[in-house]
Amino acid sequence: MAPSLLEVFTLTYILTIFSQSNAITSDLWNSGVFTMPSTFSIDASQAYIYGASPNVLMPQGCSCKESDVAKSECSVFTCDCMCDLNAGQCDLNCCCDKECSPEDVATFSQCDDAGYKTDIIETCASREVLNSVNPKYPMKSGDAALAAAQTLLCVHDYNTEIKGRFFSNPSSAWVASNVFSANGAGRKPYSYTSYEVVSPLDSAMAVSEPFYMKGDSIRVVGAEGASGSKYVYGGSLPLPRRGEMGLCNDQNAVGFGEDVGNDEKDIQCLRKVPAAMADGCGEGKEFDFKRFTHDIYVAKSASAVSGSTSLPSADPSFLNITTPYLAGSFTTQSASQVSPTVDAGGNCLNALLGLTYQIRYDSSGKIVDVDASVTLGTIAAGTEYVVQTFGVEFLHAHGGYHLSESGSTYGPSGNAVSGNFVNRTRSGNPGYIDDRPVLAGKVHPDSTSTPKAVSALVSGLTTFSTSDGSCSGGGFDASGTVVGFGTDLSVGCTKSFTRASLKAFCATSNAADLATLTTGKADQSMHVPQWLVDSVGDGQSLVGIYGNADPLDATQWMEVFNPKDSEDFEAKSVAWKESESSCEGIPTSVNYEFMWSYSGSTDSPQAKISSVQVSYEDKAKISFVKGVGEGETQDVQFMSTVTWVYYERDSEVYSPPPPPIIFSVPYDVFYPFEIYSGAERIGWALLPVAVGIVGMLMNMN
């Protein structure tokens with residue numbers, strides 16, 4: 001029997017492009033085998049508290065606009081460096097990134113943070129009303145034609161005490177148990193989104209700049225005969241992307257500094273399998289990973305030119321792609337010897353299923369090395385389409401330069417409180433960006449006292465996926481689907497039962513399939529299918545409130561509420577009803593519910609998670625349909641859902657209170673007017689009157 005597509009073995013190669021003059025070494029590569037860590041590596045002793053409480057209002061990296069208010073209580077704030085999405089390194093074209101040195105900024109093609117700040121308050125009034133109040137010169141309306149075209153008089157005010165319009169802070173914190181109740185603000189109907197992204201392949205041409213700019217195509221050449229070179233893939237490093245009808249489109253290029261891989265939908269595409277497997281499975285053919293890694297030479301700089309009369313491997317301006325070692329089952333083979341082959345059953349072995357480039361560059365905008373992580377597997381005979389994934393990640397080769405709090409000096413080492421100590425990719429700065437991974441983790445096991453750190457997941461919040469539709473076996477991945485901010489999703493799997501096996505499944509003693517979870521009541525527990533429990537995991541008990549939540553500060557994270565932990569939770573008893581051939585009390589779905597809102601200035605709103613809960617749905621009854629014979633099977637579906645609800649908050653114009661009057665006068669000098677505290681606006685409004693009266697008194701003397 002031929003293996004199915006899901007009976008794949010995963011083989012990860014580390015294909016490293018080494019610079020001939022500036023090779024970068026790292027402890028990650030010393031073992032010869034690279035394994036992507038599941039959590040960020042942190043030192044829990046570096047934990048700190050950014051705010052005074054877990055309910056800190058102003059996110060890290062923003063500026064408070066309220067007078068004499070602590071940052072933990074500030075709800076009137078602006079955030080002006082949203083392009084700083086990578087902690088621990090300099091972000092290309094992000095001039096406000098404190099980790100960018102002056103040398104980095106000098107290579108930027110533009111400043112992506114330009115235009116974030118605005119202090120303009122526009123106020124408009126009807127010209128007719130204005131004329132009725134004061135029709136005298138010089139306050140008058142324009143001529144008839146101009147008045148017809150411009151019916152409003154508008155003033156742009158730059159020199160004003162008004163700080164802008166800001167989202168108001170709720171009077172009390174959202175409680176997840178109320179937010180996601182039957183009539184709570186966090187409930188909504190399901191909705192789904194889909195899209196596809198295709199970018200054109202740039203033509204490769206040498207440019208005058210000695211460095212790459214963000215968005216530039218990365219130039220590549222190949223060997224021409226025994227002594228020459230030629231452009232390959234149109235002269236640009238290829239990155240297949242999803243195109244028409246979801247099919248892989250190879251005519252796309254890597255853009256310098258532009259990561260691809262934060263969104264699962266963005267990196268997956270379908271590759272059509274030829275009717276004759278041998279047409280696509282073989283050396284140099286469609287499912288051979290080496291066509292994206294071998295005999296390709298990457299230009300270190302945008303201006304590099306390889307002569308047509310010399311091999312690029314001999315040109316120091318280009319990087320030679322090599323495969324120094326393997327990881328996985330074929331440790332006795334070199335990577336160049338591994339090629340897709342068709343076995344006796346017509347299956348394609350060692351077929352390309354995924355490829356991710358990791359490209360490092362320096363402060364001069366030049367590429368110093370490229371790694372490629374490749375996943376291979378088996379494509380079963382008769383398969384019509386196969387899913388492939390392609391991605392790219394850019395890293396600064398020397399990490400980031402850390403600007404001091406005063407903004408005056410640069411240094412190679414960072415301050416933990418800066419929020420950049422843990423090198424990671426943010427999901428926003430500070431507010432979440434749509435569809436970016438929801439930050440997730442748990443309290444770090446080494447954090448035994450306050451302040452606490454967070455063991456944050458590299459992938460972010462996940463739920464399960466299945467490529468063959470089953471809830472068990474090789475096709476099931478407990479963390480295969482990444483939860484993106486603001487994106488509803490629903491994934492499912494099935495498990496087959498006979499009537500007898502369903503009855504056996506429906507028993508609290510069934511430890512093989514059911515996990516026993518404690519509840520808020522000491523004398524109660526609930527029994528949940530193991531695959532649903534595995535999808536939640538024990539490492540996702542916290543989510544980042546904002547997209548830049550720092551793993552070294554647990555106050556920037558929010559606990560995921562689970563109704564089962566409440567003292568009033570009533571677990572449903574597991575029971576098999578013989579007369580109905582049905583099972584009750586076993587959950588068939590796990591459901592994440594999020595409520596989010598905006599905070600900060602309305603001119604630059606920052607998306608944040610306001611409340612979140614995860615719950616197991618145990619109201620469904622699993623019934624074996626009557627009339628089906630004892631030996632027949634029936635599929636039961638189990639689900640994982642994620643829903644998002646936007647909570648609209650009020651906004652209001654904020655201006656700081658005026659200072660008190662700086663000189664003293666007799667208590668009755670303003671008679672018959674009343675004097676108010678300087679904290680009230682009327683007191684400030686009377687200041688010109690006070691000055692006028694004092695001036696008259698002085699003239700009388």
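In this predicted model, Cys95 and Cys111 form a disulfide with their sulfur atoms 1.9 Å apart. The link of Cys95 and Cys111 is left-handed, with -80° about the S-S bond. This pair links distant parts of the chain, 16 residues apart: Cys95 lies in the loop between strand 4 and helix 2, and Cys111 in the loop between helix 2 and strand 5 (121-126). Cys95 is partly exposed at a relative accessible area of 23%, and Cys111 also counts as partly exposed, at 36% relative accessibility.

A search of the whole structure finds 10 disulfides; among them are the pair described above and two further pairs, Cys81 with Cys96 and Cys64 with Cys74.

Cys81 and Cys96 have their sulfur atoms 2.0 Å apart. The torsion about their S-S bond is about 95°, so this disulfide is right-handed. Cys81 lies in the loop between strand 3 and strand 4 (86-87), whereas Cys96 lies in the loop between strand 4 and helix 2 (102-106); the pair therefore ties together parts that are 15 residues apart in sequence. Cys81 is buried, with a relative accessible area of 14%, while Cys96 counts as partly exposed at 24%.

The sulfur atoms of Cys64 and Cys74 are 2.2 Å apart, and their link is right-handed, with 100° about the S-S bond. Cys64 is partly exposed at 27% relative accessibility, whereas Cys74 is buried at 0%.

| Disulfide | S-S distance | Torsion about the S-S bond |
|---|---|---|
| Cys64 and Cys74 | 2.2 Å | 100° |
| Cys81 and Cys96 | 2.0 Å | about 95° |
| Cys95 and Cys111 | 1.9 Å | -80° |

Regarding the chain as a whole, its secondary structure comes to 10 helices and 38 strands. Of its 701 residues, 46% count as buried. The chain exposes about 34,100 Å², of which carbon and sulfur atoms supply 53%. Among contacts between residues at least 6 apart in sequence, 69% join residues at least 24 apart.

Strand 34 (residues 589-599) is mostly covered, with 10 of its 11 residues buried. Strand 34 pairs with strand 35 (residues 606-617) in the antiparallel sense over 11 bridges; Met595 has Ser611 of strand 35 as its bridge partner. The hairpin of these two strands has six residues between them, and there Gly600 takes a positive phi near 80°. Strand 34 also pairs with strand 37 (residues 634-646), in the parallel sense and over eight bridges. In that pairing, Glu593 has Thr643 of strand 37 as its bridge partner.

Several backbone features remain to be noted. Tyr233 has a positive phi of about 50° although it is not a glycine. This residue is found in strand 9 (residues 228-236) and is partly exposed, with a relative accessible area of 26%. Asp295, likewise not a glycine, has a positive phi of about 55°. Asp295 is placed in the loop between strand 12 (268-272) and strand 13 (297-299) and counts as exposed, at 58% relative accessibility. A cis peptide bond joins Asn429 and Pro430, with omega about -5°; Pro430 is found in the loop between strand 22 (424-425) and strand 23 (440-443).

Note on methods
Residues are numbered from 1 along each chain as its sequence is written. This is a predicted model: local features need pLDDT of at least 70, side-chain atom pairs count only at pLDDT 80 or more; totals for chains, interfaces and linings use all residues. Side-chain values use heavy atoms; hydrogens and water are left out. Helices (H or I, at least four residues) and strands (E, at least two) are DSSP runs, numbered from the N terminus. Buried means under 20% relative accessible area, exposed over 50%, partly exposed in between (1.4 Å probe, protein chains only). Contact means heavy atoms within 4.5 Å. Accessible areas come from the Shrake-Rupley method with a 1.4 Å probe; for residues, only the protein chains shown count as cover. Two strands pair if DSSP finds at least two bridges between them. A disulfide is a pair of cysteine sulfur atoms within 2.5 Å.
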